[in-house]
Amino acid sequence: MRFELQRVHFMPKELRPCVLYVSEEFGIATHLCACGCGTKIRIPLGPTEWSVEETDSGPSLNPSIGNWQERCQSHYWIERGEILWAEKWTPEQIAAGRRREQERRQSYYEELYRKSGSLRRFFRWLKRLWNRSGKGS
């Protein structure tokens, strides 16, 4: 079983098995669960979420997909079009994984805010400097 990548604008109503649908415009990927249960798996894409890489062999999706809220509770990676199965996690592992995800998101956005704050301070300084020189009026 190999996955192929299909880029779409909107997600189709009917999904085909072994197709990873990616809408870059809306920042989402969707596929049918790799276990064959038929569940539609929706994956947010972005710097703090999942990423998709297109290779000659097929798509790669990182990090792993853990369908903890689904009946099947499948856990796998899609790597160069192949399904790489992982062990089922315990409730404690799931909770720890969710905490790590939240910490990663918080760290990313704090750093982004810190950088944008520095940029704002620089532009305020530049504006004050410009106004002192008389060029701003």
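Figure 1. R132 is exposed, at 65% relative accessibility, where exposed denotes over 50% relative accessible area, buried under 20%, and partly exposed the range in between (1.4 Å probe, protein chains only). The model is predicted: local features require pLDDT of at least 70 and side-chain atom pairs count only at pLDDT 80 or more, whereas totals for chains, interfaces and linings use all residues. Residues are numbered from 1 along each chain as its sequence is written, and side-chain values use heavy atoms, with hydrogens and water left out. R132 belongs to helix α1; helices (H or I, at least four residues) and strands (E, at least two) are DSSP runs numbered from the N terminus. Together with R120, R121, R124 and R128, R132 forms a positive surface patch. Patches consist of residues with over 30% relative accessible area and no salt bridge, like charges being joined within 9 Å and nonpolar side chains (Val, Leu, Ile, Met, Phe, Trp, Tyr) within 5 Å. Lys and Arg count as positive and Asp and Glu as negative, while His and the chain ends are not counted. The place of a charge is NZ of Lys, CZ of Arg, CG of Asp or CD of Glu.

**Figure 2. The nonpolar patch that includes Leu129.** F122, W125, L126 and L129 make a nonpolar surface patch of about 370 Å². L129 is located in helix α1, which spans residues 91-132. The relative accessible area of L129 is 40%, so this residue is classed as partly exposed.

**Figure 3. Salt bridges between separate parts of the chain.** The whole structure contains 7 salt bridges, each defined as a side-chain nitrogen of Lys or Arg within 4 Å of a carboxyl oxygen of Asp or Glu. Side chains of opposite charge can pair when their charged atoms come close. R2 and E82 are joined by a salt bridge with an N to O distance of 3.5 Å. This pair connects distant parts of the chain, 80 residues apart: R2 lies in the segment before β1, and E82 in strand β8 (residues 82-85). R2 is partly exposed, with a relative accessible area of 41%, and E82 is partly exposed, with a relative accessible area of 41%. R7 and E54 also form a salt bridge, with their closest N and O atoms 2.9 Å apart. Here the link runs between strand β1, which holds R7, and strand β5 (residues 51-55), which holds E54, the two residues being 47 positions apart. R7 is partly exposed at 42% relative accessibility.

Figure 4. R105 and E101 meet through their side chains in a salt bridge of 3.8 Å, N to O. Both residues lie in helix α1, 4 residues apart, or about one turn of the helix. E101 has 26% relative accessibility and is therefore partly exposed. Salt bridges with shared partners also join R7, E24 and E54 into one network.

Figure 5. N67 is placed in the loop between β6 (58-66) and β7 (75-79), and is buried, with a relative accessible area of 5%. Residues up to four places away in sequence being excluded, N67 touches C33, I41, C72, Q73, S74 and Y76; contact means heavy atoms within 4.5 Å. S74 lies in the loop between β6 and β7 and is buried at a relative accessible area of 7%. With the exclusion of residues up to four places away in sequence, the contacts of S74 are C33, C35, I65, G66, N67 and W85.

Figure 6. Most residues other than glycine have a negative phi, and most peptide bonds are trans. The peptide bond from N62 to P63 is cis, with omega near 0 degrees, and P63 is part of strand β6. Q73, which is not a glycine, has a positive phi of about 50 degrees. Q73 lies in the loop between β6 and β7 and is partly exposed at 22% relative accessibility. R80, likewise a residue other than glycine, has a positive phi near 50 degrees. R80 is found in the loop between β7 and β8 and is partly exposed, with a relative accessible area of 48%.

Key: Accessible areas come from the Shrake-Rupley method with a 1.4 Å probe; for residues, only the protein chains shown count as cover.
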